[in-house]
Amino acid sequence: METTTETPTEDSPVVIDVVNTTIYVTIAVVGLLWNSILIIIFVRHREIWTTGNAMIFNLAVCDILNLIIGVPLLSLYGFPHSAPNHMTFCRIRLVLRHWMTGASALSVVGLSFQRFCITVSWFKTRKYKKSTVTAVIILLVWIAAFVIALPFAFVREFYGHMCG
């Protein structure tokens, strides 16, 4: 009598997809909820608009954009790519994902730099507390993140192994 046993690895891709999707959805829902609450607080209470809080507001916006754009694009990464414009879509997806991730990371760096400039004695001048300096830092964060993300669209060494 011949018995065949199925290996558990045959069903594991489905289980992994369900677990990954559950984790991504949970992160997206929690992140969208709390960052949205933070943005609503900033919009309703203008008295808390300080230069430091503007950086935190920017970080919340970066996180929301990362969750709206980055998480769905990251979840599409594991699916087969048979579309005729796959390479173009893949490269755009990589740039957007790295732009949003870079903006979030650089926002934390900008926030840390701003806090450093405010607390260190030789930087304790009024010029680091002005809103124009904060706006310039925020603008530089977004520009730098975009410049860092651009090679993922144009340099084959960056997108070749991800886009096939």
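Which hand does the crossing of H3 and H4 have? I found it right-handed (the near helix is turned clockwise from the far one by less than a right angle).

I noted the ground rules next. This is a predicted model, with local features needing pLDDT of at least 70, side-chain atom pairs needing 80 or more, and totals for chains, interfaces and linings using all residues. Residues count from 1 along each chain as its sequence is written, and side-chain values use heavy atoms, without hydrogens or water.

**Helix pair.** I looked up the axes of H3 (residues 86-119) and H4 (residues 131-149): they come within 8 Å and cross at roughly 145 degrees. Axes are lines fitted to C-alpha atoms over the stretch in contact, with angles from 0 to 180 degrees between N-to-C directions. Helices are DSSP runs of H or I, at least four residues, numbered from the N terminus.

I then listed contacts (heavy atoms within 4.5 Å). H3 residues including Trp-99, Leu-106 and Phe-113 meet H4 residues including Ile-137, Trp-142 and Phe-146.

**Rings.** I counted 5 aromatic pairs (Phe, Tyr or six-membered Trp ring centres within 6.5 Å; planes under 30 degrees apart are stacked, over 60 edge-to-face, the rest tilted). Phe-42 and Phe-57 pair edge-to-face, at 5.6 Å between centres and 75 degrees between planes. Phe-42 is in H1 (residues 12-44) and Phe-57 in H2 (residues 51-76), so this pair ties together parts 15 residues apart in sequence. Ring pairs link Phe-42, Trp-49 and Phe-57 into a cluster.

**Burial.** I checked Phe-42: it is buried, at 3% relative accessible area (buried is under 20%, exposed over 50%, partly exposed in between; 1.4 Å probe, protein chains only). Arg-97 is in H3 and is buried at 19%.

How values were computed. Helices (H or I, at least four residues) and strands (E, at least two) are DSSP runs, numbered from the N terminus.
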